[in-house]
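Reader: Could you walk me through reading a few features of a model? I would like the general idea, then the case at hand.

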Amino acid sequence: MPLDFTKHFVAVPKEFKLRNNTGCSWKVTVKLINARATLDQGWATYAAVHRIKIGYMVTFKLLTPDALKVIIFDDDGIEVVNKCGKHDEAFAAKE
């Protein structure tokens, strides 16, 4: 995550809930590397399940201190809409 984003936190959370454009939630852990927050456990599975490919743009909007809205755009700039599929139980966020 850009430093300009993380500087707004008193303390960077250890987890984020990622919410997509259909209301599904996914839990990812956050890891600090060289003072930068990175999405760690759960992110690779999220990216695979949501079929994020090289060339896609992924935007994040802070909803609450521990929740981000994720919008995915394909390489043509068209929003990708993913219906909730069967998520890995370890990372599906409980509502």
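Author: Gladly! A polar contact is a pair of N or O atoms within 3.5 Å; within protein, one must be able to donate a hydrogen and the other to accept it, and residues adjacent in sequence count only if both atoms are side-chain atoms. Here, the side chains of serine 25 and arginine 19 make such a contact at 3.3 Å. This is a predicted model: local features need pLDDT of at least 70, side-chain atom pairs count only at pLDDT 80 or more, and totals for chains, interfaces and linings use all residues. Residues are numbered from 1 along each chain as its sequence is written, and side-chain values use heavy atoms, leaving out hydrogens and water.

Reader: Is serine 25 buried or exposed?

Author: Buried means under 20% relative accessible area, exposed over 50%, partly exposed in between (1.4 Å probe, protein chains only). Serine 25 is at 6% relative accessibility, so serine 25 counts as buried. Serine 25 lies in strand S2; strands (E, at least two residues) are DSSP runs, numbered from the N terminus.

Reader: How do S1 and S2 pair?

Author: Two strands pair if DSSP finds at least two bridges between them. S1 and S2 are antiparallel, with 5 bridges; leucine 18 has tryptophan 26 in S2 as its bridge partner. The two strands form a hairpin with 5 residues between them, and glycine 23 in the turn has a positive phi of about 95°.

Reader: What is tyrosine 46 in contact with?

Author: Contact means heavy atoms within 4.5 Å. Leaving aside neighbours within four places in sequence, the partners of tyrosine 46 include Leu18, Trp26 and Ile72.

Note on methods: Helices (H or I, at least four residues) and strands (E, at least two) are DSSP runs, numbered from the N terminus.
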